[in-house]
Amino acid sequence: PKLPKQLSETIASITLDNAIKVILIFEKRFWPKELHGIICAGCVIPEIWFIERSPNDFAVVGFTTSTIADNLQKMGKERAFK
């Protein structure tokens, strides 16, 4: 069935921005056990989470969106990782 006009317009107005997630895996933790995440407003990777997946498997996950993610994508992997 056809959606009501207001609902169709609302759905059409929804936008999604680009997002990039960086995952680094380590065998040893190098951060304090109590540290679960960091918010760095204005940084290239403003959200960072620390995850213990097992006693010898740790992950650091960084997440960025919108304009910063767009700019990183335009740089390409080689330049972005420098």
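Me: In this predicted model, what relative accessible area does glutamate 52 have?
Reply: Since the structure is a predicted model, the figure is one computed from its atoms. Partly exposed residues fall between the buried class, under 20%, and the exposed class, over 50%. Glutamate 52 is placed in the partly exposed class because its relative accessible area is 40%.

Me: With which residue does the side chain of glutamate 52 meet in a salt bridge?
Reply: The contact joins two side chains, with a distance from N to O of 2.7 Å. The pair links distant parts of the chain, since glutamate 52 belongs to strand 3 while its partner sits in the loop between strand 1 and strand 2, 23 residues apart.

Me: Which residue in strand 4 stands opposite glutamate 52?
Reply: Strand 3, which covers residues 47–54, and strand 4 pair in the antiparallel sense over seven bridges. The two strands form a hairpin with two residues between them, and serine 54 of this hairpin stands opposite aspartate 57 in strand 4. For glutamate 52, the residue standing opposite in strand 4 is phenylalanine 58.

Me: In what order do the four strands lie in the open sheet?
Reply: Strand 1 (residues 19–26) runs antiparallel to strand 4, and eight bridges join them; within this pairing, the bridge partner of valine 22 is glycine 62 in strand 4. On the other end of the arrangement, three bridges join strand 2 (residues 37–39) to strand 3, again in an antiparallel way. Put together, the four strands form an open sheet with antiparallel pairing, in the order 1-4-3-2.

Me: What is the bridge partner of isoleucine 39 in strand 3?
Reply: Strand 2 spans residues 37–39 and is joined to strand 3 by three bridges. In this pairing, glycine 37 stands opposite tryptophan 49 of strand 3. The bridge partner of isoleucine 39 in strand 3 is glutamate 47.

Me: How many of the nine residues of strand 4 are buried?
Reply: Strand 4, residues 57–65, is mostly covered, and helix 2 is one of the elements lying across it, running at about 105° to strand 4. A residue counts as buried when its relative accessible area is under 20%. Of the nine residues of strand 4, the number that are buried is seven.

Me: Which residues does isoleucine 68 touch, not counting residues up to four places away in sequence?
Reply: Isoleucine 68 lies in helix 2, which covers residues 66–75, and it is classed as partly exposed because its relative accessible area is 31%. Its C-alpha atom is separated by 39 Å from that of proline 1, which is 67 residues apart from it along the chain. The residues that isoleucine 68 touches, with those up to four places away left out, are Cys43 and Val44.

Me: What N to O distance does the salt bridge between glutamate 9 and lysine 5 have?
Reply: Both residues lie in helix 1, four residues apart, which is about one turn of the helix. Lysine 5 is exposed, with a relative accessible area of 62%, whereas glutamate 9 is partly exposed, at 45%. Their side chains meet in a salt bridge, and the distance from N to O is 3.8 Å.

Me: How many salt bridges does the structure hold?
Reply: The number of salt bridges in the structure is three.

Me: What is the area of the nonpolar surface patch that includes Leu3?
Reply: Leucine 3 is found in the segment before helix 1. Patches are made of residues with over 30% relative accessible area, and leucine 3 is partly exposed, with a value of 41%. Leu3 makes the patch together with Leu7, Ile11, Ile14 and Leu16, and the area is about 530 Å².

Definitions and conventions:
Residues numbered from 1 in each chain as written. Predicted model: local features only at pLDDT ≥ 70, side-chain atom pairs only at ≥ 80, totals over all residues. Heavy atoms only, no water. Patch = residues over 30% accessible without salt bridge, like charges linked within 9 Å, V, L, I, M, F, W, Y side chains within 5 Å. Areas by Shrake-Rupley, 256 points an atom, 1.4 Å probe, with all protein chains shown as cover. Salt bridge = Lys/Arg side-chain N within 4 Å of Asp/Glu carboxyl O. Buried < 20%, exposed > 50% of the residue type's maximum accessible area, 1.4 Å probe, protein only. Pairing = 2+ DSSP bridges. Contact = heavy atoms within 4.5 Å. Axes fitted to C-alpha atoms, helices over the stretch in contact; angles between N-to-C directions.
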